[in-house]
2 protein chains.
Amino acid sequence: MNDLTQTPEMLIATMGARARKASALLAGISDADKANALRLAAQALRDQTAQIAAANARDMENAAANGLSPAMLDRLRLDAGRIAATADGVEAVAGLDNPLGSVIGESVRPNGMVLQRVRVPLGVIGIIYESRPNVTADAAALCLRAGNAVILRGGSEARESNRAIHAAMIEGIAAAGLPADAVQLVPTTDRAAVGALLKAAGLVDLIVPRGGKSLVARVQEEARVPVLAHLDGINHSYVDGAADPKMAQAIIFNAKMRRTGVCGATETLLIDRAYPEPAALIGALIGAKCEVRGDEDVRALDAQVKPASDEDWDTEYLEAVISARIVDGVEEAIAHIAAHGSHHTDAIITEDGAVAERFLNAVDSAIVMWNASTQFADGGEFGLGAEIGISTGRLHARGPVALEGLTTYKWLVRGTGQIRP
Amino acid sequence: MNDLTQTPEMLIATMGARARKASALLAGISDADKANALRLAAQALRDQTAQIAAANARDMENAAANGLSPAMLDRLRLDAGRIAATADGVEAVAGLDNPLGSVIGESVRPNGMVLQRVRVPLGVIGIIYESRPNVTADAAALCLRAGNAVILRGGSEARESNRAIHAAMIEGIAAAGLPADAVQLVPTTDRAAVGALLKAAGLVDLIVPRGGKSLVARVQEEARVPVLAHLDGINHSYVDGAADPKMAQAIIFNAKMRRTGVCGATETLLIDRAYPEPAALIGALIGAKCEVRGDEDVRALDAQVKPASDEDWDTEYLEAVISARIVDGVEEAIAHIAAHGSHHTDAIITEDGAVAERFLNAVDSAIVMWNASTQFADGGEFGLGAEIGISTGRLHARGPVALEGLTTYKWLVRGTGQIRP
């Protein structure tokens, strides 16, 4: 382990150098061996369920003493079921297709040189996260499967849990012959270590923050390393005049109410003035105890609708609250989304294919949907197997980011003695 | 034009808002119209050759009075031939394949939802450059062809030239019915405007610096917006024991001496101890007045070899100087490159396919070549048509970056009423 008397910068520099070395070693390790390492790590997690649960109990005790909220305590809590689910998740990553080595472009130049672009690992990835200790295993598994070394920095409240999970992970990894330094856990919960990690340009190739808005905002503000991050999910569902009311009813209810706390939840409902059954949409939400905050037109539909303030159109509630507005057709819906959206996930419900294509083309969001619930915005639902996060940025990877987003490419040029004239 | 009495932050905020609006308008403009706009812009550049040359003459006069170096004066200079070449370059970009709308991935989920990833514009791109006024046209053409709005900030020494070129560009663009705000030139040469542009997160999606190392370093240090940049090109050519001496001789001479000032030039020569004719490689370089700085073994080959210092292995000369070292086989070459390279372009010369593949796999650079000159590291030579630059970063785009690197993608989901269970 590292010497805790050193400065955070020295600590991160040492860990970064070790990670870089491990990343170079990983390049020489077969995909089968990497997958095997994850299977052994999953087994180690299962074998050490008692130790992990005991470590978590210590964290829970401290957290309760420190007055953490019930929601935070729930995120922190690990029981046998959650530990088993974490192990299953690591094993599932072992079963995904190898993201490395695939040829993403090929051409032969007139002078005979053969060019290929081939997927390779990104290098060293830093993960900064909060109270969920399962991220220690999930994120490490994804990074490793894509051939990367990872430096994990979890929340101080999950310190003991993270250590126990990390110990199990590296036991499995080392047993498979992989370098243990491929998965390192920052051994201090000193917040200055986060700052050092965020500034470790040249040591860390990508930072992925996993947590609430204040964490993500801090990371984006301080980082001198590229960041793959998810900010707001102010998602819209637009019910067009040509929507099938039964479908619209089902989708809107699901998009808002299935789980209100996920980033893919719909936060604003836009209803075309030509839609025949707007009151039923609103009534169903109110009937399920969803607070509806509407403009004048929506308030006229139901006496229980509260007035929406200007702020409401720019708010990600993440609870059973929705803002709602009547618009004049798809163009006004597009304009509203352009003005108030967060470029995460937006949907249209309509039977008119031309209107749908106009919406799909004009809405500039990571995910644009036609006749489906925004709650599908998820790497697993998209068939990616697992996700490291959903990116609301525009570079490198957009929307759900899984193994492919943890890779880059290099150009291979095979010649026969070509020189440039 | 903008009011020059406002602060740089206000100026950039205004320009950014206009660019965002133009970028949204561009989404509704056909590819044919964008290509036509570039052809009209090229014609306007040709028609206004006299005005552009006159503006350039004023810049040259000021620059000479300010004591600019002959190299900088040459970069600044525009004559009829260079203006025609610039117009040809803009026209060539009009002839490239449309980078937008292509489907880069498609799948059908078990519930019937159809997913596509489709290429879309990045949004608003900032270009910060130095004395070459042709960048005003080149960079604008590439950004616009990929559907982006662009904010250009050229060097103060090229102020008049840039204005004249920009005026011609927007004349052509507007004549084709495109929004003139799609191509904006920062109207002040106040350096604070660069700082404001680098911090315009949310207004600008990507910054591309085009210039010397000090500019790129400043941009990388100050930017709060993603940067696509090119740092050093400390490129290696490794001559393996199994190289064909005639081929090795030709490639090494070309890789170093064809043009010594380009970023793809070889800066370090690594020679396998088993290679039969090392003295001829060194002798040919020295015969062409290339200074060779070698280790003890290389110095033993030729009395004119100067001793290499530790710094030499980490130096990008960009002139007729090369460092040279004898290594024990491909593994030592790979280790040297890992320790001293800049992840730009590295090459192996060998007839042994297995050794070549080992090198191609193990060297972690944007471009890795077998039996070809590193001077081919160029978007045009790679068949990309034109390049905005060569990226030594690992995210988003690596190596030569052309139209595709100026795009992102969005996920389109087409359903038939799916809700998430």
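**A briefing on the predicted two-chain model**

Let's start inside chain B: in helix α8, the residues B:A193, B:V194, B:G195, B:A196, B:L197 and B:L198 are buried, where buried means under 20% relative accessible area, exposed over 50% and partly exposed in between, with a 1.4 Å probe and protein chains only. This is a predicted model, in which local features need pLDDT of at least 70, side-chain atom pairs count only at pLDDT 80 or more, and totals for chains, interfaces and linings use all residues. Residues are numbered from 1 along each chain as its sequence is written, chains are lettered from A and ligands numbered from 1 in the order in which they are written, and side-chain values use heavy atoms, with hydrogens and water left out.

- Helices (H or I, at least four residues) and strands (E, at least two) are DSSP runs, numbered from the N terminus.
- The cover over the buried residues of α8(B) includes α1 (8–26), β3 (124–129), β4 (149–153), β6 (206–210) and α9 (213–222) of chain B.
- B:D190 sits in the loop between β5 (183–185) and α8 of chain B, and with a relative accessible area of 39% it is partly exposed.
- B:D190 touches B:P8 and B:R153, not counting residues up to four places away in sequence; contact means heavy atoms within 4.5 Å.
- B:D190 and B:P8 are 182 residues apart along the chain, yet 8.0 Å separates their C-alpha atoms.

**Two helices side by side**

- The axes of helix α5 (residues 80–94) and helix α6 (residues 135–145) of chain B come within 9 Å and cross at roughly 10°; axes are lines fitted to C-alpha atoms, for helices over the stretch in contact, and angles run from 0 to 180 degrees between N-to-C directions.
- α5(B) and α6(B) are therefore roughly parallel to each other (under 35 degrees; over 145 is roughly antiparallel, 65 to 115 roughly perpendicular and the rest oblique).
- On the α5(B) side the contact is made by B:T86, B:V90, B:V93 and B:A94, and on the α6(B) side by B:A137, B:D138, B:A141, B:L142 and B:R145.
- By class, this contact has 6 nonpolar, 1 polar and 2 charged residues; Ala, Val, Leu, Ile, Met, Phe, Trp, Tyr, Cys and Pro count as nonpolar, Asp, Glu, Lys and Arg as charged, and the others, Gly among them, as polar.

**Two residues to look up**

- B:S161 is in helix α7 (residues 159–175) of chain B and counts as buried, at 0% relative accessibility.
- Beyond residues up to four places away in sequence, B:S161 touches B:A55, B:N56, B:D59, B:L78 and B:P133.
- B:K213 belongs to helix α9 of chain B and is partly exposed, at 42% relative accessibility.
- Setting aside neighbours within four places in sequence, B:K213 is in contact with B:D232 and B:E316.

**How the two chains relate**
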